[in-house]
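These are my notebook entries on a multi-chain model.

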Amino acid sequence: MKLEVPEGATGYGILFFIWIALAALLAATIAIALMNVRMAVALNFLIATSMALLNLFYFMDLRHEDRFLKTIIFLALFALTSIIILTYSDVFYRMAG
Amino acid sequence: MTPAHESAAAAGQASYLENPPGRRGVFASWMLSTDHKRIGVMYLMALLSFFWVGVSLGLAMRLNMLHPGALMQAQTYDELFTVHGIVQLFLVIIPGVPVAFGNFFLPIMIGARDVAFPRLNRLSWWVYLTGAGIVVLSLFISGHPPDTGWTFYAPYSIRTPTNVSLAVAGVFVLGFSSILTGLNFVTTIHTMRGPGMTWLRLPLFVWTLYATGWVQMLATPVLAITLLFIIMGRVLGIGFFDPSRGGDPIMYEHLFWTYSHPAVYIMILPAMGIISEVIPTFARKAIFGYKAVVFASLAIAGVGYWVWGHHMFTSGMSNTARVAFSLLTFFVAIPSGVKVFNWVATLYKGSIRLDAPMWWAVSFIFLFSIGGLSGLIQGALAPNLDLHGTYWIVAHIHYIVFGGVGTALFAGLHYWFPKMFGRMYRERPAKLGWLIFFIGFNLLYFPMFVMGAEGMPRRWFDYSAQYHTGQMISVAGSWVLALGLLIIFGNLILALFRGEAAPENPWGGTTLEWHTPSPPPARNFPGEIPVIKHVSYKAGGNG
Amino acid sequence: MAEMETAAEFRQNRMAAKYGMWFFLYTELLFFGAMFLLYSVYRYRFPLDFHAGAKEENLYTGSINTLVLLTSSMTLAMAVSAIKRGQQKVSERLQMLTMALGVVFLAIKYYEWHWKIAKGLYPNSPVLLKLPKGEILYFGLYYALTGLHALHLIVGIVVVGFMLRYTRKGVINRENTARLENAGLYWHFVDIVWIYLFPLFYLVTK
């Protein structure tokens, strides 16, 4: 309890470093969009997801949570994904009216 | 209050029904209470009141069929079936079992003093009242009550001049209450289990509340946003579901049923939980296949996510989706079947006592099976195209929701009434009420299967001569059913005031709520919380 | 014995608060997820209209706003770190800074809306209704999604405001950080939603 940085308190340096990483990713995603790269949309989303993960694991401190909370996040994502896939089973194959 | 009384109250020994010492009046003391038992009882009272509103509307609809046009116009009929649906589904049966019995018994059954967030629980109750109030307001405020059907299908729901915005807003608010309750229960089960209460020792009712909680959390937000878009469509002209503005009404149906099909499991899972409590108690036997029932609950909650499209076979969605959803629909029947087999297997060679709760439980199995099997017929794509627009669907939904969830609610009511209020009801009128209800129910709804198969369209306020006999049987059935309900409620209300004092464990139940006085003290258990040593169904009980 | 029980209860309550907050975020995930689904379906149907509609977005303000929100997430995470080290004053300042950044974001958002509304581009407007259907949907989605996001941010600012009060009063302190952590979780979640909204509306055409 009497440690300099108590257990669970992320150091300011780490948080600042994450911010730098996030800002760099933001710059990258804008650059990709501006430079007309192929598959730009996919790359944009890949970058957005990595930004979200940095946020989750460092700012939201998911890396210090118990295994249940880490696992269960997939349940929510799985629910959302299944909704999206099943909706697209209609949207992709709908006959033009 | 006598001094002895006061010290008992101070020690948390006094019944939760007694007002704690203080300056608050009785009404304020209940409304401001964070005691999960009081909140459960208030929910129960509100639910049963709204239930009667819904019943009256239903009776009026049936009455119309005696001589269509004599009693009301078509517009009134549309409003009636809409409001009947909204009230019975969103105000009564979706919150239903979890908010009333879940609130009261979940903490006791897991050996806790309260839920994880008592103040949030109270907030859910207030939010529920607010939502219900808004829905009721939509009936009486200037203009007409909504006439869209309880599903609020776009684009009609965006264009109709009736009070759809208000009703939808009410349902939106009710959704919040539902989410908060689910969140509270799941957290409670994770963090508040009493000494020795491991996961696989939990009573089955608790397991169903757990599965339900997840569905509430992960499905209700989809409804919330969808309803919000309906309101935005009406008020701001955002045309997400309006074809004239590029929107797709079928997307509304997707999003609506993404919630509203899992909502069926929000209703039925806790109902199955009640049955899983009642049957072992009255068969004097541990439940057959405890783990199978647990996993069946979780499987129903999971697979229930992937079947919503079977409500939309005639909506114009793609053939690929229709086939996929039809196939998935068959999968969800498997865990439901597992449960039915387990209940019946529990009865096998049991020492069965047929008290009132047990009659309700066995009739649940019967009616739910009819509802479930008819669901398989309409879940198959080809027959569905014929049956979808007919009375068949009306019969099916009532066998599941009323015959299933409704009877389970009454099973729970008769099972736990002595515990909740500390009074016994009279057994003979309870059984008589059940019998009349059961006869009336089948008279009312079974002819609808027949008429539906013959092509009687649902939501029509008139019918051709060939359906006359069926309609008449059904109308008569509605009166028999109402008589049964009157006897049941009369008996219970009488017991509330005049019933004999209930013993701690009138039925020989084994779960924790039977190890505390009836009614329970404010802190749930008079002394220390009993330590659990084995799974919750064993002769001699736990503790 | 009594002390041990309170310690156990404290841990139990702390765990409950954590779980409850994460569960709440899952519901939020589905809430926004359904909106994203609707967006993706309509974009799939009207790719060209969405392209045309997105020409109205200002990449500069959008990017600056993203950076503002990312920074606010960092300051709030630092505020949590500070209180865990017992640096109450530092934590208070960082919380104030977070709120200020939230307000900056809203101000920029206000101007973005303002420019569009000045052009007559708002739901149900005569200008908008003359546009192709896909563009009507695009702007509808723009207002609905950024609007609901902004609403969440306003709630976030109010919540952090309460946390500031609690921190000043000492209710939130070195041993008792759950509330501030939960406020942080909510704030970061709203940030993540924006991280996805940004490419959806600002990077479609470029």
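How many salt bridges are there between chain A and chain B? I worked from a predicted model, and the count for this pair of chains is one salt bridge. I identified the partners as A:R94 and B:D248, whose closest N and O atoms are 3.1 Å apart. By class, the side of chain A that touches chain B has eleven nonpolar, three polar and two charged residues.

I next looked up the polar contacts between chain A and chain B and found five residue pairs, both residues being at pLDDT 80 or more.

For the extent of the interface, I noted 16 residues from chain A and 21 residues from chain B in the contact. The two chains bury about 1,400 Å² between them, and carbon and sulfur atoms give 77% of that area. I then asked which residues of chain A contribute: A:I83, A:L86 and A:R94 supply 37% of the area that chain A buries against chain B, more than any other three residues.

I turned to chain C and checked helix α7, residues 178-202. At 1.5 Å a residue, its 25 residues should span 36 Å, and the end C-alpha atoms are 36 Å apart, which agrees. Of the 25 residues of α7(C), 23 are buried, so I recorded this helix as largely enclosed by the rest of the structure.

Last, I located C:A7 in helix α1 of chain C, residues 2-45.

Technical notes. Residues are numbered from 1 along each chain as its sequence is written. Chains are lettered from A and ligands numbered from 1 in the order in which they are written. This is a predicted model: local features need pLDDT of at least 70, side-chain atom pairs count only at pLDDT 80 or more; totals for chains, interfaces and linings use all residues. Side-chain values use heavy atoms; hydrogens and water are left out. Helices (H or I, at least four residues) and strands (E, at least two) are DSSP runs, numbered from the N terminus. The expected span of a helix is 1.5 Å times one less than its number of residues. Buried means under 20% relative accessible area, exposed over 50%, partly exposed in between (1.4 Å probe, protein chains only). Contact means heavy atoms within 4.5 Å. Buried area is the accessible area (1.4 Å probe) that two parts lose on being put together, summed over both. A salt bridge is a side-chain nitrogen of Lys or Arg within 4 Å of a carboxyl oxygen of Asp or Glu. A polar contact is a pair of N or O atoms within 3.5 Å; within protein, one must be able to donate a hydrogen and the other to accept it, and residues adjacent in sequence count only if both atoms are side-chain atoms. Ala, Val, Leu, Ile, Met, Phe, Trp, Tyr, Cys and Pro count as nonpolar, Asp, Glu, Lys and Arg as charged, and the others, Gly among them, as polar.
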